[in-house]
Structure formats: structure tokens, C-alpha cells
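Me: I would like to go through this structure step by step. Please keep the answers plain.

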Amino acid sequence: MSSRVLPQFDLLTPQSIPEAVAMLAQHQGQVSVLAGGTDMLVWNYIRKVKPAYLLRLSGLDDLDNVNYIPGEGLRIGAKAKVVQLLDNPDVAEKFPALFQAAETFATPQIRNMATVMGNVLRGSPAGDCSCAILALGGQVVLQGPEGERLVDIDDFWVAYGVTERKDDELAVELRIPEPTSTTRSAFIRMTRVHEDLAKLNVAVCLEINQNTCQQVRISMGCVGPILVRLKQTEKMLVGKQISDGLLQQLAASAQEEIAPIDDQRSTEEYRRQVAGVILKRVIEKAIGAH
Amino acid sequence: MSEKTYVGKSIPKLDAREKACGQAVYAADIQLPGMLYGKIVRCWDHAHAKVLKLDLSAAAKVPGVIKVLGPEDVTQKRYNTGVLDVMVPEEVGQLLGDIEDQRIFTDHVRHQGDAICGIIAESEEIAEIAAGKVKVLYEPLPVYLSAEESSRPDAFQFDERKPGNRAFQLPEQMFPGNAYGWGDVDVEMAKADLIVEETFYLPKVKQCQMEPHAYVAHYDQTGRLNCWTSTQMPKCVQPKLARLFEMPISRINLVSTTIGGGFGARLGMVFEPETCAMALAVPGRPVKVQSSREEDWVASESRHPGKYWVKLGVRKDGTPVAMDAHFTTNAGAYFTHASGVAFTAGSWMTGLYKFGSIRYKGDTYYTNQAPSGAFRGYGNPQTNFALEQIVDRACSELNIDPVEWRKKWHKGVGDDGWCMGVPYSSCALDECLERGAEAIGWEEKRARYASQSGTKRRGVGVGVMTHTSGAMPMLLEHTTCTVKMNEDTSVVITLSCSDLGQGAHTVLKQIAADTLCIPMDEIHIHVNMDSAGFDIGSHASRTTYVGGGAVIKACEDVKRQLIERASIRLGVPEQALEIKDQQVVSRNDPEKILSVKDICRSGVYNFTNPETGETNGVPGQIQGYASHFPAHNSPPFGACFSEVEIDIETGEVKVLELVIAHDIGRAINPMAVEGQLEGGAQQALGMVLTEETSYDKVGLCRNNGFTDYKMFGAADMPKFTTILVEQPDPVAPFGMKSVGEAGPVNPVGATANAISHALGITFTEAPITPERVLQALQDQKVA
Ligand SMILES: Cc1cc2nc3c(=O)[nH]c(=O)nc-3n(C[C@H](O)[C@H](O)[C@H](O)COP(=O)(O)OP(=O)(O)OC[C@H]3O[C@@H](n4cnc5c(N)ncnc54)[C@H](O)[C@@H]3O)c2cc1C
């Protein structure tokens with residue numbers, strides 16, 4: 001049941017990452033990290049969570065940036081807002097899937113508050129930035145009492161809403177690898193109205209040489225408890241020339257590979273019916289066929 | 001009428017700035033000394049259950065809790081949140097079978113969100129904690145979510161006065177055969193060359209007014225019960241509260257707050273009964289009750305969902321010889337508007353076309369959904385979905401252009417109106433159809449989209465409608481207005497018409513300014529229920545038409561008094577005087593002139609010369625007054641054209657453009673009229689494409705919030721063209737007609753028709769979601 005009143009909690013405002021990690025360790029399991037709060041505060045109102053402590057990030061410096069480092073790739077700080085992806089020309093140029101995800105994401109108000117990291121840490125199979133990041137590949141940098149560790153995005157989500165992050169770890173940065181001159185990527189989502197969570201989203205990142213696909217990562221959302229890579233379908237694409245016929249086969253394969261359910265946003269049947277269609281479209285969008 | 005300074009101008013809403021800057025004071029913003037907080041404890045886990053045991057002891061012990069109130073601790077009187085009882089004579093109410101079946105706190109939960117007890121505490125937080133400690137033992141009862149289920153003979157009976165759970169059907173004594181219309185439908189139907197028949201289903205859609213319901217009530221030291229509320233109809237809620245709490249009307253004082261959107265959600269009483277009951281329990285201390293959006297959703301009224309069966313018989317040339325219709329609507333858990341909506345839903349059909357014969361049956365059944373009630377259009381959008389689609393089906397089978405058919409068969413001047421017995425005074429629907437068709441490129445697009453291939457298919461559709469301006473003759477129709485002239489000629493208008501956000505007060509000031517020839521910013525509107533006279537509220541598309549009519553009359557009364565006094569002072573007969581540029585002047589002798597200011601000032605500052613005994617003018621502050629009962633309801637008509645594009649691989653429908661040509665008579669404020677049409681279309685598009693309150697099998701609401709109830713947002717809106725067709729209505733003040741309730745009506749039919757034009761498939765169930773479209777495409781092998 002939802003309420004107009006926030007449940008009671010203590011608000012922690014660490015001034016450094018080590019202090020934050022120490023607080024997480026001290027109140028192990030009782031702290032929720034509060035980034036933009038666009039998920040976390042809603043969950044508090046609807047009593048989905050009732051944490052004893054909320055730990056906010058506002059006292060932490062140096063986590064606000066979206067930086068492209070030539071030769072390394074994109075670094076997204078834990079406090080960087082979704083809107084910053086749109087303000088950064090490198091994102092638009094080199095990571096179109098992520099840019100497109102940010103473009104369709106929610107509304108200007110939410111984009112100004114929501115962090116990219118919060119989207120990944122929330123662990124929703126509908127996360128739009130998350131969907132793009134899974135296709136682009138990358139790592140989540142976690143800071144814990146024993147120091148820093150990097151978790152591959154492919155391994156990061158373990159179940160609905162559950163991630164590899166341990167209770168005493170703070171996620172500090174997202175890293176997305178440098179694209180090559182032949183990298184192409186794109187993102188598409190389907191929603192009931194513009195401001196909505198996806199009923200289906202898909203992102204693709206391909207290495208294309210003379211219309212031949214050398215490597216590909218396809219991620220799809222809302223077709224299972226976590227965002228998934230369509231690995232069977234990817235295999236059918238690698239080493240092949242992209243043609244209408246091949247796209248049809250990929251579409252059929254995608255339908256086989258997913259496990260959607262009925263929910264408020266759509267039905268299992270519909271998701272299966274359109275998964276192949278939007279996969280085809282996202283590949284065409286990435287390679288600029290349309 | 002002469003050239004107007006304000007009427008006809010797009011003057012920005014006067015409260016826009018205040019609202020945009022967060023300065024407007026809503027009920028939720030009110031803080032009074034010693035204020036307590038009330039929480040209505042609702043049943044969230046059952047849609048139908050008996051309360052076997054209610055244990056409030058633990059809740060009462062929470063520190064800071066002042067009082068807990070169970071069903072027995074408040075009045076045992078029943079009530080009906082609707083207000084029909086105030087607006088029709090008692091005999092009519094009895095004939096219609098209107099009943100009072102609601103309780104403040106109940107031990108028989110009839111829908112999720114029914115109120116079971118109340119908590120009054122020092123803070124909202126404490127009330128919330130205490131609410132969590134209320135222990136309830138429920139006995140679940142069978143849950144019915146549709147009329148089909150609740151009308152079964154073995155179903156649980158909601159109310160012994162309503163056998164079979166039928167809350168309403170057209171009463172035999174008023175409508176023999178439980179139907180209204182004209183002609184012999186069975187005989188005429190037999191003469192048809194083509195019969196088209198279909199059952200349509202309409203969803204339960206919510207008003208989604210911006211401001212969730214909130215109140216403050218205070219049973220003060222003088223023994224008066226004061227209630228701060230954003231109700232749309234304060235003067236009707238006042239007697240209802242008086243009756244419920246068995247207090248004289250004089251001891252009920254309603255204070256109107258800024259209203260954050262109405263759309264029918266604040267028609268009649270909402271949570272005033274619960275709030276006032278709490279205030280009565282703690283005399284001397286104000287109590288504030290605020291609801292969350294989720295609570296507002298399950299506990300307040302929505303549009304009536306239902307099953308709309310229509311059968312239309314036409315001749316080969318399109319002549320509509322017979323229309324047979326039966327609408328069965330879902331009242332939800334309580335009676336509320338069970339009779340009103342079922343009655344009017346048919347009138348929007350009898351009022352629109354010249355059917356050779358027509359028979360309309362309307363009935364309403366109880367279910368365990370949240371109660372249905374008033375929502376902008378009052379049945380008209382639902383009727384539009386069924387009626388406009390069945391007409392198009394007939395046109396399509398006979399190869400008749402839908403625009404031409406409508407031009408030929410719509411009702412017009414002199415024809416019997418939507419409420420039979422009141423003929424139409426004007427009708428500009430032909431011009432609406434012509435200009436709308438031209439603006440959208442009707443002929444060219446109809447032809448071009450007739451044969452398409454590819455994954456994107458386009459279609460254009462038309463929908464027409466008529467509505468009312470005011471509640472006459474169905475309901476009491478009355479507004480009282482006082483216009484006080486201050487000594488500096490500034491003006492205070494006192495009335496109880498609410499401004500729902502549609503700009504009513506802006507428009508009423510425009511009307512007053514031009515009638516009195518006084519600048520708008522020297523006119524103030526004072527809404528105070530103690531000083532203002534009667535008014536039936538802001539609904540039925542009436543505030544500009546009827547409220548404006550009252551303002552004009554009261555201003556005319558001011559002018560009459562000004563002339564009367566000038567006549568005395570100038571020694572010129574009244575007939576020879578006129579008011580021009582704030583002067584009363586003789587038509588025959590321009591030297592005989594007296595300023596309005598002089599008359600007003602000397603009326604207030606009236607001195608007697610001690611030597612001569614003479615005064616410096618006619619004494620008395622001028623006040624104009626009107627108690628206005630409009631003679632007509634000058635119905636507006638309108639034509640909407642919709643163009644859609646459908647992705648046949650995904651079933652997604654994109655509305656590309658809407659053209660709305662509206663027969664406004666005369667637009668007092670064109671920008672406000674456009675705003676009403678655009679806002680209405682936003683609600684219509686939601687109803688036809690995306691919105692539906694849905695329930696799980698046990699009757700718990702699945703989407704009582706904006707996460708999963710999707711309205712059209714700004715980014716979803718199509719290109720929009722509004723055409724205001726101004727053919728002044730001969731009997732209306734300034735020639736004006738209404739627009740507010742018209743907004744959400746015909747974009748429904750037009751868009752449904754556009755979809756069927758694109759795909760050749762009629763969608764009988766709204767909302768027409770991509771899931772439904774894709775399914776239908778596959779069934780018909782289009783995709
Ligand atoms: C109206 C509305 C529209 C929305 N539309 C979209 C949409 O279109 N697409 C979409 O994908 N999402 C959407 N969302 C969901 C939400 O905005 C996103 O998931 C957003 O990215 C969450 O970021 P945040 O900064 O608000 O995270 P928060 O709500 O603050 O946190 C989210 C989760 O991440 C955890 N977390 C955050 N940062 C850290 C950290 N540094 N270390 C450890 N844990 C952390 C929190 O503890 C919490 O579990 C919408 C939400 C709303 C309210």
C-alpha cells in the first residue's frame with residue numbers, strides 16, 4: 001500500500017567514498033543507497049522497501065562526470081545524471097545506443113534527477129540505459145572495504161532487482177569500452193505512451209566490415225527477469241552479410257530465445273510477436289539502413 | 001452587439017501565473033492553528049467482504065492519536081455522493097429510483113478502498129502509524145466485476161431495494177417499455193436494406209485531475225461546521241452535508257479552495273463526509289484529510305464502463321430508418337450516478353441524428369469495482385465510440401462518404417434536441433464538417449488511403465457530436481450573482497461558480513467588463529459561500545453559459561440603477577439615457593452628462609448640506625443582482641477529424657493529426673476554447689487508445705496510479721488544429737455555446753473510425769492497444 005508519508009529512516013551523508021563504504025559496512029544490510037531517488041523514493045512511498053538508513057551521495061566529490069577518454073572509453077560517475085549523456089557530444093557520436101536510450105528515457109524532469117548508475121543498480125529488466133550498456137559492454141566499478149573490484153556488465157545482474165554488488169559496496173563508476181571505427185550501435189524501445197517504462201527494449205552493438213558482421217552484442221529487456229543477451233541470435237549473425245533474409249532468421253531466433261511474461265505493460269504473446277520485429281529494426285538503425 | 005473590448009479576445013487565464021509559481025492555495029496547503037490530521041482507513045485487501053471484527057484499541061493507544069472512529073461512532077445516516085437529489089424534484093428522484101446507499105465508515109466493504117474507520121492524530125505520520133495498527137477480521141464475499149456476473153440470479157444482493165443488483169433502468173412509469181425514443185423500431189427495422197449491429201465495450205477511465213482530493217473541516221466554537229473543499233458544486237454539497245449530519249444549512253459553511261482540475265471528479269461529495277465526521281468528533285480543532293493518488297483512485301468515482309449494443313437499419317441510400325440501442329453500464333459499488341449517466345448516454349444519440357425511429361434502453365448494475373460517477377462528457381464519449389463507429393460501418397458497406405452522410409442526417413435548428421422537448425436553437429455542424437474536412441484534406445486522403453501496402457497504414461476518420469450548455473431542462477438550472485459597485489467604480493462580483501482551472505473566472509470577468517464597460521483589472525470575483533447566492537456548480541458545460549448569463553443580468557441591473565439615478569439628477573427620462581465610456585449621457589443632449597464614478601461615489605459618500613438639506617447625489621451603494629434561470633441550453637455541435645498511422649508489424653497506433661471544428665456560437669475567449677478542445681482530446685485519445693483502470697480476479701485494482709495507468713502526455717499529442725465556428729446562437733447571451741464537456745467526445749469516434757479506415761477492421765473494445773490491434777491483424781491475416 002502506498003502512502004503520502006515517507007517511512008522513518010536515518011539519512012547518512014558521507015563526505016568521502018571510504019566513509020560511505022564504512023557506513024555501508026557498519027549498518028550492513030540496513031542501508032539503501034540514494035542516488036537520484038527516482039526509484040528509491042518511490043519505493044519508500046509505496047513501502048516496497050523500508051530501509052533503516054538512506055545513504056545519499058551528495059557529499060561525495062568527483063562522481064559527477066561523464067568522460068570520454070580516448071583509447072580507453074567512456075567513464076560514467078555514480079552521480080552522473082541521465083541528462084548528462086545527452087549533453088555530451090562524445091556519447092552521441094561514439095555510443096549512439098546509450099545516447100538513444102537517454103533520449104527516450106522518461107521526461108526532462110526525471111532525466112535531470114535520475115542517474116545512469118541508479119538505472120544499472122536498480123537491476124530492472126526494463127532499464128533503458130542498462131539495456132544499451134549491456135549491448136555496448138562494460139564494467140561496473142565497485143568500492144568495498146577490501147578496495148575496488150570490477151564486475152563485467154554481463155555478470156552484473158543476477159536476478160530480478162538483484163545485482164552482484166555486496167551490501168558493503170558502493171558502485172562508483174561505469175566503464176564502457178572504446179568503440180572502433182567499424183563499431184555501430186543503436187537502441188529502440190516500445191512503450192504504451194512516451195513517458196513510460198519499456199514493454200520491450202533492445203540494443204545492439206556490431207562490428208561491421210563491408211556489410212559483414214564481425215562481432216555483435218544484442219541485449220533485450222522485459223523478456224525475462226533480467227536484461228538478457230541474445231547469444232544464439234548473435235551467433236547467427238557473426239561472419240554473415242546482413243541481408244533481409246538473414247534479418248528474418250534473426251527475428252525468428254530472437255522469438256525463441258526470450259522468456260517474456262504477462263504484466264501490466266504488455267503480454268507474453270505480444271512481446272514474442274514483436275521481439276523479432278524490433279530486433280530487425282534496431283540492426284537496420286545501427287547500420288544506417290533506414 | 002457593439003464592438004467588444006474583452007469578449008472575443010484570447011486573454012490569458014488570470015490565475016495562470018499564481019498557479020505556475022506555486023502561490024495558489026489548495027486545500028492541502030491550508031494550515032490552521034491547532035490543526036489535527038485525519039486518516040481514512042480503507043480496506044486494501046478485499047473488494048467485497050464483511051467486517052467481522054474491527055479492533056481499534058492498539059491504534060487508539062499510539063501516542064499522538066486523539067480519536068479513533070469506527071462505523072458506530074459517526075452518523076448512521078446513509079448518503080449518496082451524487083447530487084441529483086438536490087437538482088431534481090423529489091418525485092422524479094423517486095421515479096428514477098435514486099437511493100442513498102453509502103456510509104461514512106462501513107462494515108460491508110463493497111469495493112477495494114471502501115472506508116472502514118478513521119483516525120485523528122497530531123500529525124499525518126502518527127495517523128499513518130496508527131492506521132497500521134488497526135486490526136480487522138474480514139469474511140470475504142463473492143466478487144463481481146461486470147454486470148454479467150452481478151446480475152446472475154444466485155449472485156449476492158448488494159441492496160434489497162435493487163433486486164438482481166440492477167441499480168437502475170429507465171423507469172416504466174416515465175418510459176413505457178423501459179425505453180425512450182420515437183417510432184416503431186421493430187417495424188422500421190424490417191424496412192431496412194442493411195442492418196449493422198455490434199456490441200462495443202468501454203473501459204473504466206479516471207478523471208486524473210491534477211490535485212488529489214484533500215479537505216480541512218472545522219467544527220468551530222459557534223457550532224458551525226466549516227469545510228474547506230475544492231468541490232465543483234459547493235451550493236449542492238452544503239445541503240447534502242446538512243442532511244447527512246442533521247444540521248441546519250445555516251450551520252454548514254463551505255469554503256471553496258483553488259481547484260486543481262475537476263473533470264467531474266469533484267462533482268457532488270467526495271471525502272467531505274468522512275472529513276466532516278472527523279471534525280465533528282473533535283469540536284474546536286480543525287482536521288485535515290489528504291489522499292494519495294492511489295487512494296483517490298480506488299475510492300473516488302470514474303467514468304462508467306460498460307457494454308454498448310447498437311443496431312442500425314438503413315436504406316440503400318443511407319436513410320437511417322431505425323436505431324435500436326441498449327447500453328448496460330457498470331455502476332461500481334454504489335449508486336451515485338447510476339441513473340444520470342444511463343439516462344443521458346442515450347440522449348447524446350437521440351439528439352444527434354434524424355433516425356426514422358429509435359429505441360434506447362439504458363440500465364446500470366452494481367459490481368465490486370470502485371463507484372462510477374461523473375466524468376466530463378457524462379456518457380457522451382462512450383456513446384460516441386459506439387454510435388460513430390456503427391454509422392461508419394453502414395457508410396462503408398453502402399459506399400457512402402461518412403462526411404456526406406453526417407451532413408445529410410444530423411439534426412439541426414428546430415429539431416428536437418438532446419433532451420426531447422427543447423428544439424435546437426442553432427446548429428453550425430455543416431460548417432464544422434466542411435471546414436474540418438478541408439483542413440485535414442479529407443477527400444484526397446480518404447481516396448489515397450483506400451488501397452495501401454507496406455508496414456505503415458494510414459487512415460482518416462470523422463466523428464461528430466452534440467452536447468449541452470447547462471443542465472436545463474433535465475436538472476434545476478440556476479445561478480445567482482451580485483455585482484457591487486465600489487465608490488471608485490471598481491467592481492466585486494459575488495457568486496459561487498467554481499473555476500476548475502478551465503478559466504471560468506477569467507471569462508466571467510471578460511463578460512462583466514464588457515457589459516459594464518469597466519476595465520477587467522478593476523473587477524474582482526469573490527467566491528464566498530456565505531455571501532454568494534445559489535448555483536448548481538461547475539458542471540454540465542454551464543459556467544460560461546449560465547454563470548455568464550447571470551453576470552450579464554446582474555451587470556444590466558447595475559446599469560439600470562445607474563440610469564435611474566442619472567435620470568433623477570439630470571432630469572432626463574431614463575429612455576433617453578445611455579451609458580458610454582463610463583458616462584451616463586442623454587442621447588438628445590450631450591451636455592446632459594454624469595460620470596458613472598460620480599454616481600457611484602456620491603451613492604457611498606452621500607453628504608447632506610446642513611444649510612440646504614440637499615445631498616450631493618442619490619444615496620446608496622449600487623449593487624446589481626440576478627437570480628438567473630436560463631431559458632435554453634443552446635447546444636454546441638462539433639466535427640472532429642483524426643488521422644492515424646498504424647504500424648502493422650507492431651500494432652502501434654500513432655495519431656498524426658486532429659482537426660476539431662467546434663460550433664461555439666461565439667468564443668468569449670478563443671484561447672480558452674482551444675485549450676478546452678485540446679485538453680478534452682487528450683482525455684479522448686487516452687480513452688480510445690491507452691487508458692483503462694483494470695482489476696485482478698479478486699477485484700483489486702492493478703493500476704491505481706500513473707505508473708501503469710497511461711494517459712497521453714504532451715509528447716504523445718498529435719498535430720492539432722482547432723477551428724472555432726462562430727455562428728451566434730440566437731437565444732444565448734453573446735451568442736455563446738459551451739465547449740468544456742464537448743472536448744473529450746468526438747475525438748473518440750473520429751480516431752476509432754480512422755483506425756478502421758486504415759485497416760478495414762472495427763475495434764469494438766477500447767482502449768485499442770497495440771496488443772489488440774496486432775491480434776486483430778493476425779486474425780484477419782493483414783499482418
Ligand atoms: C516517472 C518516471 C519515469 C521513469 N522512466 C524511466 C525510463 O523511461 N527508463 C528507465 O530505464 N527508467 C525509468 N524510470 C526509473 C528510474 O528513473 C531509473 O531507473 C533511474 O535511472 C534510477 O536512477 P536514480 O538515480 O534515481 O536511482 P535511485 O532511485 O536513487 O536508486 C536506484 C537503485 O540503485 C541503487 N543505487 C543507486 N546508486 C547507487 C550506487 N552508487 N551504489 C549502489 N547502489 C546504488 C539504489 O540503492 C536503488 O536500489 C522512471 C522513473 C520514474 C519515476
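Me: How many residue pairs are in polar contact between chain A and chain B?
Reply: This is a predicted model, in which local features need pLDDT of at least 70, side-chain atom pairs count only at pLDDT 80 or more, and totals for chains, interfaces and linings use all residues. Residues are numbered from 1 along each chain as its sequence is written, chains are lettered from A and ligands numbered from 1 in the order in which they are written, and side-chain values use heavy atoms, with hydrogens and water left out. A polar contact is a pair of N or O atoms within 3.5 Å; within protein, one must be able to donate a hydrogen and the other to accept it, and residues adjacent in sequence count only if both atoms are side-chain atoms. With both residues at pLDDT 80 or more, the count between chain A and chain B is 16 residue pairs.

Me: Which helix gives the largest share of the side of chain A that touches chain B?
Reply: Helices are DSSP runs (H or I, at least four residues), numbered from the N terminus. Seven residues of that side come from one helix, residues 268-287 of chain A, and this largest share belongs to helix α12.

Me: Which residue of chain A forms a salt bridge with B:E649?
Reply: A salt bridge needs a side-chain nitrogen of Lys or Arg within 4 Å of a carboxyl oxygen of Asp or Glu. The rule finds nine salt bridges across the interface of chain A and chain B. In the one with B:E649, the closest N and O atoms are 3.3 Å apart, and the partner is A:K280.

Me: Is the ring pair of B:F200 and B:F385 stacked, tilted or edge-to-face?
Reply: Rings of Phe, Tyr and Trp (its six-membered ring) pair if their centres lie within 6.5 Å; planes under 30 degrees apart count as stacked, over 60 as edge-to-face and the rest as tilted. Here the centres are 5.7 Å apart. The planes stand at 80°, so the pair is edge-to-face.

Me: Is B:I129 buried, partly exposed or exposed?
Reply: Buried means under 20% relative accessible area, exposed over 50%, and partly exposed in between (1.4 Å probe, protein chains only). B:I129 lies in helix α5 of chain B, residues 124-131. Its relative accessibility is 44%, so B:I129 counts as partly exposed.

Me: How far apart in space are B:I129 and B:F629?
Reply: In sequence, B:I129 and B:F629 are 500 residues apart. In space, C-alpha to C-alpha, the distance is 51 Å.

Notes
Helices (H or I, at least four residues) and strands (E, at least two) are DSSP runs, numbered from the N terminus.
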